[in-house]
Amino acid sequence: PRLITSLRPVRRGTNGGVTLLGLCASIAGGAFMGLVFYVAGLVSPTLFIFEHQHMAAIEQWRLIPLGLMAGLVGSVTDSLLGATLQYSGYNMATGRVTSIPGDAVQHISGRPLLSNNLVNLLSASLTAALTALAALKVFGF
């Protein structure tokens, strides 16, 4: 993995460490979620009652790239917050990456301001808000 803020190599488990495989998985996961939402709209039983609603649902294919972008934005946001506001250090005694500063801990990145749970909460909330704003633009509201 590489630290998202500097691209320097870091140990596996470091907050803010990213890999190409991980970013691709985020993109694929987001696209999959967009596809699932799109297909669910296509097979909704109520859409077969009113033909104009079914045709409108077919045109919602933009949910797939929107999901793709949400997956990438969420992953990058989480990594940026983790790399800057969540402490990562290498514990010399245990030989593991830790989020708790200490005497035997060598600083890798971040400040001890947010826990992993808070990073997840903030990144999920920001991603949801940004995706909602993007959806308003994409679908013309």
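Patches here are built from residues with over 30% relative accessible area and no salt bridge, joining like charges within 9 Å and nonpolar side chains (Val, Leu, Ile, Met, Phe, Trp, Tyr) within 5 Å. A salt bridge is a side-chain nitrogen of Lys or Arg within 4 Å of a carboxyl oxygen of Asp or Glu. Accessible areas come from the Shrake-Rupley method with a 1.4 Å probe, and for residues only the protein chains shown count as cover. The model is a predicted one, so local features need pLDDT of at least 70 and side-chain atom pairs count only at pLDDT 80 or more, while totals for chains, interfaces and linings use all residues. Residues are numbered from 1 along each chain as its sequence is written, and side-chain values use heavy atoms, with hydrogens and water left out.

On the surface, Phe32, Met33, Leu35, Val36, Val39 and Val43 make up a nonpolar patch, and together they have about 540 Å² of accessible area. One of them, Val36, sits in helix H1 (residues 20–42); helices (H or I, at least four residues) and strands (E, at least two) are DSSP runs, numbered from the N terminus. Val36 counts as partly exposed because its relative accessibility is 38%, the classes being buried at under 20% relative accessible area, exposed at over 50%, and partly exposed in between (1.4 Å probe, protein chains only). Glu51, in helix H2 (residues 51–58), has a relative accessible area of 52% and is therefore exposed. Between Glu51 and Leu23 there are 39 Å in space, C-alpha to C-alpha, for a separation of 28 residues in sequence.

Ser123 is buried because its relative accessible area is 7%. Beyond its neighbours within four places in sequence, Ser123 is in contact (heavy atoms within 4.5 Å) with Gly74, Thr77, Asp78 and Leu81. With Asp78 there is a side-chain to side-chain polar contact at 3.2 Å. Such a contact is a pair of N or O atoms within 3.5 Å; within protein, one must be able to donate a hydrogen and the other to accept it, and residues adjacent in sequence count only if both atoms are side-chain atoms. Just after H4, Gly140 has a positive phi of about 75°.

Leu7 is exposed, since its relative accessible area is 55%. Asn15 is in the loop between E1 and E2 too, but counts as buried because its relative accessibility is 16%. Its side chain makes polar contacts with the side chains of Gln86 (3.4 Å) and Ser88 (2.9 Å). Setting aside residues up to four places away in sequence, Asn15 touches Leu3, Gly82, Ala83, Gln86, Tyr87, Ser88, Ser99, Ser109 and Asn116.
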